[in-house]
Amino acid sequence: MKNIKISPSILSADFSQLGKEISNLEKGGADLIHVDVMDGHFVPNLTIGPPVIKALRKYTKLPFDVHLMISPVHKYIKDFANAGSDIITIHPEATKDLKESIMHIKELNKKVGVSLNPNTKIDVIKSHLSNIDLVLIMSVFPGFGGQKFIPETIKKIKDLKEIKDKNNYIFDIEVDGGVNFLNSKDIINAGANILVSGTTIFKENNGDIKKNIETLKSV
Ligand code: DX5
Ligand code: ZN
């Protein structure tokens, strides 16, 4: 059986009680907590920063999977590491020197992720693939929850999985945006092993988190 992990995005949670929402996600069987950080500049929306992550840290032992949609990202990496992030994912377009930012995250003893927007090619990060822990493939243009999955993403996941297998790389393949009960199977079969989901986890089946996580994982 495939070892699939679910990383619920708290973007769709009730922001007035994030601590409780995170405890519920852990109880419901989440594997990671996906935290979407937006700056109103790299993406057209604003969310939260390090103080909120720090405050939430005590509500769960699950790893914080922190998706930074901020630019320039480099100077903020340390603050996110100190706040209690476990995986720090950055976009190549958001830093002057991708290698330097990757090394910085590693030096802080955090797992490093690199994210590909729908129109960013795998080639852009090819030379870094041996050096990172996770590739986050965006299946929507980042900025908002509740968008429709872009079907061309399936081919990109397959291409990345092929490169991974051919070279015996160990990075996780995570997919983010519009993941639902209808497309999760194809996403997993294409080679992804971590699914991010906000809307499906919090809104389907009247917010039955456990059921929604189980359904997303089943292939
Ligand atoms: C989009 C974010 C996603 C998003 C996922 O910019 O990175 O994590 O919130 O939410 P859904 O599952 O609603 O597409
Ligand atoms: Zn995200």
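## Aromatic pair

The structure, a predicted model, holds 1 aromatic pair. The rings of Y169 and F171 have centres 5.9 Å apart and planes at 40 degrees, so the pair is tilted. Rings of Phe, Tyr and Trp (its six-membered ring) are taken to pair if their centres lie within 6.5 Å; planes under 30 degrees apart count as stacked, over 60 as edge-to-face and the rest as tilted. Y169 is partly exposed, with a relative accessible area of 22%, whereas F171 counts as buried at 0% relative accessibility. Here buried means under 20% relative accessible area, exposed over 50% and partly exposed in between, with a 1.4 Å probe and protein chains only.

## Basis of the description

Residues are numbered from 1 along each chain as its sequence is written, and chains are lettered from A and ligands numbered from 1 in the order in which they are written. Local features need pLDDT of at least 70 and side-chain atom pairs count only at pLDDT 80 or more, while totals for chains, interfaces and linings use all residues; side-chain values use heavy atoms, with hydrogens and water left out.

## The parallel sheet

An open sheet is formed by 8 strands in the order β1-β8-β7-β6-β5-β4-β3-β2, with parallel pairing. Its edge strands are β1 (5-8) and β2 (33-38), each of which pairs on one side only. Direction ignored, neighbouring strands of this sheet are turned by 25 degrees against each other on average. Strands (E, at least two residues) and helices (H or I, at least four) are DSSP runs, numbered from the N terminus, and two strands pair if DSSP finds at least two bridges between them.

Strand β8 (residues 194-197) pairs with β1 in the parallel sense over 4 bridges. In this pairing, I6 stands opposite L195 and P8 stands opposite S197. Strand β8 also runs parallel to β7, to which 2 bridges join it; there, V175 stands opposite L195. Both faces of β8 are covered: I194 and V196 on one side, and L195 and S197 on the other, are all buried. In a regular strand, side chains alternate between the two faces of the sheet.

## Zinc site

The zinc ion (ligand 2) is coordinated by H34 (NE2), D36 (OD), H67 (ND1) and D176 (OD), at 2.1 to 2.3 Å. Donors are N, O and S atoms within 2.8 Å of the metal (3.2 Å for Na, K and Ca); water is not among the atoms, so sites may look incomplete. The 6 donor atoms around the zinc ion subtend angles of 67 to 166 degrees, which makes the arrangement octahedral. Six donors count as octahedral if opposite donors are over 155 degrees apart and all others between 65 and 115. The ideal angles for six octahedral donors are 90 or 180 degrees.

Along the chain, the zinc donors follow the spacing H-x1-D-x30-H-x108-D. Distant parts of the chain are linked by D36 in strand β2 and D176 in strand β7, which are 140 residues apart. Both D36 and D176 are buried.

Helix α5 (residues 153-167) lies across β5 (111-116), β6 (134-138) and β7 (172-176), and runs at about 165 degrees to β6. Axes are lines fitted to C-alpha atoms, for helices over the stretch in contact, and angles run from 0 to 180 degrees between N-to-C directions. Within helix α5 lies D159, which is partly exposed with a relative accessible area of 28%. D159 and G191 are 32 residues apart in sequence and 9.1 Å apart in space, C-alpha to C-alpha.

V140 belongs to the loop between β6 and α5 and is buried, with a relative accessible area of 4%. Not counting residues up to four places away in sequence, V140 touches P118, Q147, K148, F149, I150, D176, G177 and G178; contact means heavy atoms within 4.5 Å. Among these residues is the zinc ligand D176.

## Backbone features in loops

A cis peptide bond with omega of about -5 degrees joins S71 and P72. P72 lies in the loop between β3 (64-69) and α3 (77-82).

The loop between α7 (199-203) and α8 (209-217) contains N205, and N206 lies in the loop between α7 and α8 as well. Although not a glycine, N205 has a positive phi of about 45 degrees; for N206, likewise not a glycine, the positive phi is about 50 degrees. N205 counts as partly exposed at 34% relative accessibility, whereas N206 counts as exposed at 82%.

Key: Tetrahedral: all angles 85-135°; square planar, octahedral: opposite > 155°, others 65-115°.
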